[in-house]
Amino acid sequence: MKKNKLLVLILILTCALTLLAGCGGQKDEPAADETGWFELDSEAGILTVRIPDETPDFGWYFVLDNEKVIELLTQETTDDTYVASFRALEDGQAQITFSYVKNDEVIEARVLEVRCEGGNVAEIVNDSILDMTGEDA
């Protein structure tokens, strides 16, 4: 029951973030890894995410909005860092939403919109980091 509640919370958050993106809630400049939390290996076509995981009892969870386009390869948490790698399954676009969660509390969300082409993750179309605590980051 607890996992179902968490999944519902993450899905609601994903929908809210998608609506914000459509309403101009995200920056218009090209997506770039200015904060160092993801990298795209263009040669291998693999997307790797590295996010700090330093808050006790919190953990990173992700939701893919299109599992036909992209899939998880690996994920682990080591040295207070969550690391996940993704690969393309077919051409198209997908959104990956990461939520930093403890029970029902989400303190941060990160969203990547990716474009897959030719069997590779080809481009990060957009990226966002949202502070869900209401405090300025």
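These entries record what I looked up in a predicted model.

**Basis.** I worked with a predicted model in which local features need pLDDT of at least 70, side-chain atom pairs count only at pLDDT 80 or more, and totals for chains, interfaces and linings use all residues. Residues are numbered from 1 along each chain as its sequence is written, and side-chain values use heavy atoms, with hydrogens and water left out.

**Aromatic pairs.** I counted 8 aromatic pairs, taking rings of Phe, Tyr and Trp (its six-membered ring) whose centres lie within 6.5 Å; planes under 30 degrees apart are stacked, over 60 edge-to-face and the rest tilted. W60 and Y100 are stacked, at 4.5 Å centre to centre with 20 degrees between the planes. W60 belongs to strand β3 (residues 59-64) and Y100 to strand β6 (residues 92-102), 40 residues apart; strands are DSSP runs (E, at least two residues), numbered from the N terminus. Both W60 and Y100 are buried, that is, under 20% relative accessible area (1.4 Å probe, protein chains only).

I next noted Y82 and F98, an edge-to-face pair at 6.4 Å centre to centre and 65 degrees between the planes. Y82 lies in strand β5 (residues 81-88) and F98 in strand β6, so the pair ties together parts 16 residues apart in sequence. The relative accessible area is 3% for Y82 and 0% for F98. Ring pairs also link W37, F38, F62, Y82, F86 and F98 into a cluster.

**E108.** I found E108 in strand β7 (residues 105-117). Leaving aside neighbours within four places in sequence, E108 is in contact (heavy atoms within 4.5 Å) with residues including W60, F98 and Y100.

Notes:
Helices (H or I, at least four residues) and strands (E, at least two) are DSSP runs, numbered from the N terminus. Buried means under 20% relative accessible area, exposed over 50%, partly exposed in between (1.4 Å probe, protein chains only).
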